[in-house]
Amino acid sequence: MTTATAVPPPPDPPVRPAPAPARGKGRGALGTRPWVAACFLLPALALLGALVVYPIGFSVYRSLFDASGHGFVGMDNYQEVFTDARIRTALKNNVIWVVVAPSVATALGLIFAVLTERVRWGTAFKLVVFMPMAISMLAAGIIFRLVYEQNPDRGVANAVWVGIHDTFAAPAPFPGAHPRPAGDLVASGGGAFTTKAAARAGSAVALPLVAVKPEDVSGARDAIPARDVAGKVTGTVWMDFTRGGGGTAGKIDAGEKALAGVRVEAVRDGRTVASTTTDPDGTFTLPTAADGARLRLPAANFASAYNGVDWLGPSLVTPSIIGAYIWMWAGFAMVLIAAGLAGVPRELLEAARVDGANEWQVFRRVTVPLLAPVLAVVVVTLMINVLKIFDLVYIIAPGSSLDNANVLALQLYQSSFGTDVNQGVGSAIAVFLLLLVTPVVIVNIRRIRKERQR
């Protein structure tokens with residue numbers, strides 16, 4: 001008896017991929033005719049050539065000619081870029097801008113983004129910080145020109161600064177006051193006034209002053225003559241001026257105001273042996289030690305009121321303008337960093353905390369490294385931006401400090417369209433600015449390509 005053996009079925013034929021559709025004659029990889037793509041790209045290429053390529057080429061060409069545009073000077077304009085004092089100042093200021101402004105704005109943006117992440121009002125705070133980005137550079141420049149006004153009654157910065165200063169240092173009671181030229185008080189150096197004759201115990205001394213501001217004696221009492229006190233040196237300090245004219249110089253007339261709070265010192269052999277301040281009625285009393293000493297009214301009684309800091313002076317104008325820039329762009333940095341922070345895996349942060357890291361260590365060793373790509377974007381963007389800074393400097397800096405606040409973009413404008421026009425030098429500055437920006441742009445492009453490859 002034979003047993004039938006099952007024959008396995010033949011294997012399935014291999015599946016071959018369907019052939020690609022045949023390209024039409026003259027078609028590209030996407031099945032599009034090159035001339036059709038060129039027609040779509042032509043408007044953009046024309047605009048790019050007219051607005052970017054041609055200006056760059058013409059600037060390079062123009063930089064090789066003199067101010068008239070007819071005489072070929074070669075590299076002389078570039079030599080002037082590095083030898084002219086104003087342009088060197090502009091280059092130095094640009095270095096300060098590139099180093100300080102992006103780093104500070106990015107640091108503040110990072111701090112704001114991290115600190116406001118867990119609070120309820122964080123969104124509102126971010127909105128307030130970002131709002132300056134909605135203001136144009138022109139408007140921001142006008143705002144900060146007023147903020148940095150020297151007069152504390154108008155400038156917010158000096159109003160705050162003067163308020164802090166006066167909290168710890170009392171202002172002079174009668175700024176600008178001084179004695180009559182022919183009186184017994186004479187200038188003794190440093191703004192102080194000293195009597196010609198020595199004071200004697202038991203005999204009152206008259207110390208009249210003039211040029212007192214009306215607001216400084218508003219509500220003051222009428223001056224009264226000091227009484228003679230045995231063994232004491234007494235006297236009166238008052239405003240020797242009668243409203244409407246009249247009166248006798250050096251004597252207390254009716255209606256003349258007492259000067260309260262004036263410091264009076266008794267000086268002998270260059271040393272202060274006694275001191276006091278005048279009472280509300282202008283009188284003062286010194287002990288017996290003042291007998292035979294000269295009386296001095298220190299300069300602190302008459303020093304001019306503290307008027308704050310000259311924010312827009314030659315030494316502070318550049319830091320002040322950088323402060324205005326940071327006020328505008330810290331919100332930009334904060335928003336980008338906050339967006340990057342939202343994508344940071346919370347598991348990594350919690351794992352670091354479980355391992356015993358404190359908040360500072362989590363921030364420095366986990367959060368910041370994870371945010372490195374975002375921080376690089378912010379820093380590079382701000383660096384390109386500050387290399388072209390012009391508006392804030394031109395608007396905020398006064399004419400007296402404009403040369404000290406000069407930057408390359410501003411010098412480019414002044415050289416090309418200012419009073420001493422030399423468009424050859426202006427074109428050389430433009431080309432130099434392009435060369436400065438190019439490495440930063442190349443770094444940014446490489447970073448973007450690496451991000452795409454990931």
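Reply: Gladly! Let's begin with the overall span: the end C-alpha atoms of residues 91-444 lie 23 Å apart, and the span is 45% helix and 11% strand. Helices (H or I, at least four residues) and strands (E, at least two) are DSSP runs, numbered from the N terminus. This is a predicted model, where local features need pLDDT of at least 70, side-chain atom pairs count only at pLDDT 80 or more, and totals for chains, interfaces and linings use all residues. Residues are numbered from 1 along each chain as its sequence is written, and side-chain values use heavy atoms, with hydrogens and water left out.

Me: Is strand S4 enclosed or open, and why?

Reply: Buried means under 20% relative accessible area, exposed over 50%, partly exposed in between (1.4 Å probe, protein chains only). In S4 (residues 233-239), seven of the seven residues are buried, so the strand is largely enclosed by the rest of the structure.

Me: Which strands pair with S4?

Reply: Two strands pair if DSSP finds at least two bridges between them. Strand S3 (residues 205-209) runs parallel to S4, joined by five bridges, with Leu207 partnering Val237. Strand S7 (residues 283-286) is antiparallel to S4 over four bridges, and Val233 stands opposite Leu286.
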